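Dear colleague,

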Amino acid sequence: ETRIGGSGPLSGRKAIVTSGPTHEPIDPVRYIANRSSGKQGHAIAAALARLGADVTLISGPVTIADPAGVRVVRIERAEEMRDAVLSALPADVAVMVAAVADWRVASTAGNKIKKRPGEAPPSLRLAENPDILKTVGHHASRPRLVIGFAAETENVSENGRAKLEKKGADYILANDVSPETGIMGGDRNRVKLIGRDGTEDWPEMGKDDVAEKLAALIEKKLSAQ
Ligand code: CTP
Ligand code: CA
């Protein structure tokens with residue numbers, strides 16, 4: 001039994017962090033998903049735990065190790081992630097880092113879909129997944145601080161600010177995930193911190209350093225009355 005929550009400036013504070021992708025099944029052997037290593041979300045959960053927070057990390061399928069001192073809830077689908085997040089409320093802070101699949105397959109096949117020689121390939125009908133960040137941002141038990149990410153390939157600041165408004169978040173960390181940046185799957189990140197009262201460009205740094213800097217901001221905001 002690992003120890004959750006410890007001493008430090010965030011002692012007694014509850015944090016929810018989502019991380020990794022979600023997998024949306026097509027049939028028992030196939031799924032659709034977003035690209036996500038889970039590195040940034042797991043690093044944020046670890047950084048909050050190091051400051052003494054009681055952290056619940058809700059993660060989709062990843063290959064990296066569980067962070068130390070964190071309660072880990074493993075899920076596969078976006079609807080499972082939403083249910084796990086709502087079960088973990090109330091909390092002081094929620095940080096949504098997961099790359100949630102925007103759509104799931106409308107009706108999952110119970111058996112493996114077989115190739116049928118001479119027939120057209122199957123079509124997938126999709127249904128929209130719940131927006132977990134938006135749900136939490138507008139929830140009756142909304143955490144005092146709600147933070148999201150915005151992975152963009154163009155118009156990073158504009159798209160990030162629009163997400164801040166739409167989802168009822170206090171901050172959005174927006175990053176450019178165009179293939180040429182090499183950010184997806186890598187160990188480094190360059191984000192813009194978009195808040196209600198302005199935008200801050202953080203220099204490129206390791207995902208662990210982004211996590212530390214965000215945890216320090218969370219500590220500062222939660223300690224201000
Ligand atoms: N998010 C979420 N639930 C979803 C989709 C996104 O909680 N169903 C969260 C992500 O974890 C992230 C933020 O919302 O913190 C922004 O995700 P993103 O995919 O960039 O935004 P979308 O609103 O899905 O817009 P789009 O993909 O069309 O750019
Ligand atoms: Ca999306």
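This is a predicted model: local features need pLDDT of at least 70, side-chain atom pairs count only at pLDDT 80 or more; totals for chains, interfaces and linings use all residues.

The protein contains five helices and 14 strands. Its radius of gyration is 18 Å, close to the 17 Å that the globule rule gives for 225 residues, and therefore the protein is as compact as a globular protein of that length. Along the principal axes, the C-alpha atoms fill a box of roughly 65 × 45 × 35 Å, and 39% of the 225 residues count as buried. When one takes the contacts between residues at least 6 apart in sequence, 64% of them join residues at least 24 apart.

Eight strands form an open sheet with mixed pairing, in the order β5-β4-β1-β6-β9-β10-β12-β13. Because β5 (71-74) and β13 (198-201), at the edges, each have a single partner strand, one side of each is left without a neighbour in the sheet. From one strand to the next, the twist averages 15°. Within this sheet, β10 (residues 171-176) and β12 (residues 191-195) pair in the antiparallel sense over five bridges, and Ile-172 stands opposite Ile-194 in β12.

Two helices can be described in relation to these strands. Helix α2 (residues 78-88) lies across β1 (14-19), β4 (54-59) and β5, and runs at about 170° to β4. Helix α4 (residues 156-167) packs on the sheet, where it touches β9 (145-152), β10, β12 and β13, and its direction makes about 145° with that of β9.

Terms used: Residues are numbered from 1 along each chain as its sequence is written. Chains are lettered from A and ligands numbered from 1 in the order in which they are written. Helices (H or I, at least four residues) and strands (E, at least two) are DSSP runs, numbered from the N terminus. The radius of gyration is taken over C-alpha atoms; the globule rule is 2.2 Å times the number of residues to the power 0.38. A residue is buried if 20 or more other C-beta atoms lie within 10 Å of its own, exposed if 12 or fewer, and partly exposed in between; C-beta atoms are placed from the backbone. Two residues are in contact if their C-beta atoms, placed from the backbone, lie within 7 Å. Two strands pair if DSSP finds at least two bridges between them. Axes are lines fitted to C-alpha atoms, for helices over the stretch in contact, and angles run from 0 to 180 degrees between N-to-C directions.
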